[in-house]
Amino acid sequence: MQDNHTGGNAGRMPSGQAVELKGLVEYQSGAIVSREIAKTKGGTATLFAFDAGQGLSEHTAPFDAIITVLEGEAEVAVGGAPTRPVAGQAVLMPANIPHAVHALGRFKMLIIMLRD
């Protein structure tokens, strides 16, 4: 997985401007690309672009996360129950519950991790 964030303000979302989120991260053949666009003590907002067939294997996190589909379609499993959100839909992944993401085709999402 490639992370385009290099520290400082690099990679951050422009302040005070309307932007199309899906345009802030690009697909890479055979890969998952991520770009952190906001970070505070309370959490992060990160964009992901998955090439077709790519995914995040089942894992848990110690905090809640919300994914919002920006483009394409994926299978998201939370606690073993799969769902197929499409652009404009969101899925809550509660803390300490196993979850996984698999791109059914090229797929972009925003994930917001809530640490507090």
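## Basis of the model

The structure is a predicted model, in which local features need pLDDT of at least 70, side-chain atom pairs count only at pLDDT 80 or more, and totals for chains, interfaces and linings use all residues. Residues are numbered from 1 along each chain as its sequence is written, and side-chain values use heavy atoms, with hydrogens and water left out.

Strands are DSSP runs of E with at least two residues, numbered from the N terminus; two of them pair if DSSP finds at least two bridges between them.

β4 and β9 are joined in the antiparallel sense by three bridges. Leu56 has Val101 in β9 as its bridge partner.

Strand β6 (residues 74–78) is largely enclosed by the rest of the structure, because four of its five residues are buried. Buried means under 20% relative accessible area, exposed means over 50%, and partly exposed lies in between (1.4 Å probe, protein chains only).

β6 runs antiparallel to strand β9 (residues 99–103), and five bridges join them. With strand β7 (residues 81–83), β6 pairs in the antiparallel sense over three bridges. Val78 stands opposite His99 in β9 and opposite Ala81 in β7. β6 and β7 form a hairpin with two residues between them, and Gly79 in the turn has a positive phi of about 60 degrees.

## Aromatic residues

There are two aromatic pairs in the structure. Rings of Phe, Tyr and Trp (its six-membered ring) pair if their centres lie within 6.5 Å; planes under 30 degrees apart count as stacked, over 60 as edge-to-face and the rest as tilted. Phe50 and Phe107 form a tilted pair, at 5.2 Å centre to centre and with 40 degrees between the planes. This pair links distant parts of the chain, since Phe50 is in strand β3 (residues 43–50) and Phe107 is in strand β10 (residues 107–114), 57 residues apart. Both Phe50 and Phe107 are buried. Together with Phe48, they form one aromatic cluster.

Lys108 lies over the face of Tyr27, 4.8 Å from the ring centre. A charge sits over a ring if NZ of Lys or CZ of Arg is within 6 Å of the ring centre and within 35 degrees of the ring normal.
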